[in-house]
Structures are given as C-alpha cells and as structure tokens.
Amino acid sequence: MRKTTFLLVDQEALPPVFAKVIEAKEYLRNSQASSTTEAARMAGISRSVFYKYKDAVYPYRDKNTDSIITIQVVLFDKPGVLMALISEFYRVGANILTINQNIPVNGKALVSISARIDHMEGSLDDLLFCLRQVDGVQSIGNIAGE
C-alpha cells in the first residue's frame, strides 16, 4: 500500500491548474455551480483535469479559519424569539450548522446552536453581546469553541 505524503507549497510555485481545480471545488461547495462540468467550465479547466486532481489538491486552511462555536441559550416561550436569535447569526455572517430546541418548560426553552464563525464580521464577543440583546433571551452559556 502506498503511503500518502502531503506538502505545503506556496501557490505561486505551482502550475496555475492547481489553483483552478481549487476554484472549481469552491464553486461546487458554494453551490455556484450545479455540476462538475459547470464548475470546471467556470474555473477555465477541462472536466478531465478537474477529475485528475480533485482528490489531490486542497486549499490550506489555518486552524483559525475553521472556527465552530456551540452555545446554549435559555429563551422565553414567546413567538419570534428563536427567529430573532437566528437572524443575529445571519446578520453577522455566522453559518448555523445545528439547532436543537427543547420543549418549553415553565415558559422557557433551552436551545443549543452550533455555528461556523470563520467568515463572521466582528468578534465572538460582539456576536454574544448582540445575542444577549435579543428580546426574549434570558441567558447564554456553555460556550464551546474559539
């Protein structure tokens, strides 16, 4: 069995085709292209080149660019509170990955939200401040990540 070896190489030292393959993969990941044929065409490469390198070329992502947080929030049981909370994530550019809301007990519901914050505007502290300001949020705690 062949042992896989990875190298970290400056993109400028590589043939441009590798950057084009990564570009095509991003078109697919972001749903800008609906097929590999379309993604390859948008990136300016052939489909065969895409398939030749797609499993061998990946963008380097620093650990700080893949940040996921999980928070637990206690919400008052009234219409629109969860939607207002979710809207704050959207407003700052955080990508919600999961939401789990328990059934309200005594007028309050526990909600846990996991979100990717690597492309978010502002800091985690800014997001938490905004979330605490949402009408109907009693408390925020148990923060994991970052």
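Which residues are buried in α5? In this predicted model, they are Leu124, Leu127, Leu128 and Leu131. They span an arc of only 95° around the axis, so they sit on the same side of α5. The general rule behind such a pattern is simple. An α-helix has 3.6 residues a turn, so residues three or four places apart point the same way. The opposite face of α5, turned away from the buried side, carries the exposed residues Asp125 and Phe129.

What do the buried residues of α5 pack against? Their partners are β1, α4 and β4. Take Leu127 as an example. Leaving aside its neighbours within four places in sequence, Leu127 is in contact with Ile69, Glu88, Phe89, Val92 and Met120.

Now step back to the core. The largest nonpolar core has 21 residues. Within it, Ile71, Leu85, Phe89, Leu127 and Leu131 have the most contacts. Two or more residues each come from β1 (68–76), α4 (81–92), β3 (108–116), α5 (124–132) and β4 (137–144).

Four strands form an open sheet in the order β2-β3-β1-β4, with antiparallel pairing. Its edge strands are β2 (95–101) and β4, each of which pairs on one side only. From one strand to the next, the twist averages 20°.

Look at the pairing of β1 with β4. These two strands run in the antiparallel sense and share five bridges. In this region Leu75 stands opposite Val137 in β4.

How do the helices sit on the sheet? α4 lies across β1, β2, β3 and β4, and runs at about 155° to β1. α5 also packs on the sheet, where it touches β1 and β4. The direction of α5 makes about 155° with that of β4.

Charged pairs complete the tour. The model has four salt bridges. One of them joins Lys78 to Asp135, with the closest N and O atoms 3.2 Å apart. This pair links distant parts of the chain. Lys78 is in the loop between β1 and α4, while Asp135 is in the loop between α5 and β4, 57 residues apart. Lys78 has a relative accessible area of 39%, so it is partly exposed. Asp135 counts as exposed because its relative accessibility is 60%.

A second example is found in helix α1 (residues 16–29). There Arg29 forms a salt bridge with Glu26, and their closest N and O atoms are 2.9 Å apart. Why are the two separated by about one helical turn? Arg29 and Glu26 are three residues apart in α1, so about one turn lies between them. Arg29 counts as exposed because its relative accessibility is 51%, where the cut-off is over 50%. Glu26, at 22%, counts as partly exposed; buried would require under 20%.

Asp55 and Lys54 form another salt bridge, with the closest N and O atoms 3.1 Å apart. Asp55 is exposed at 55% relative accessibility. Lys54 has a relative accessible area of 25% and is partly exposed.

Note on methods
Residues are numbered from 1 along each chain as its sequence is written. This is a predicted model: local features need pLDDT of at least 70, side-chain atom pairs count only at pLDDT 80 or more; totals for chains, interfaces and linings use all residues. Side-chain values use heavy atoms; hydrogens and water are left out. A nonpolar core is a set of buried Ala, Val, Leu, Ile, Met, Phe, Trp, Tyr and Cys residues joined through side-chain atoms within 4.5 Å. Buried means under 20% relative accessible area, exposed over 50%, partly exposed in between (1.4 Å probe, protein chains only). Contact means heavy atoms within 4.5 Å. The arc is that of the directions from the helix axis to the C-beta atoms. Two strands pair if DSSP finds at least two bridges between them. Axes are lines fitted to C-alpha atoms, for helices over the stretch in contact, and angles run from 0 to 180 degrees between N-to-C directions. A salt bridge is a side-chain nitrogen of Lys or Arg within 4 Å of a carboxyl oxygen of Asp or Glu.
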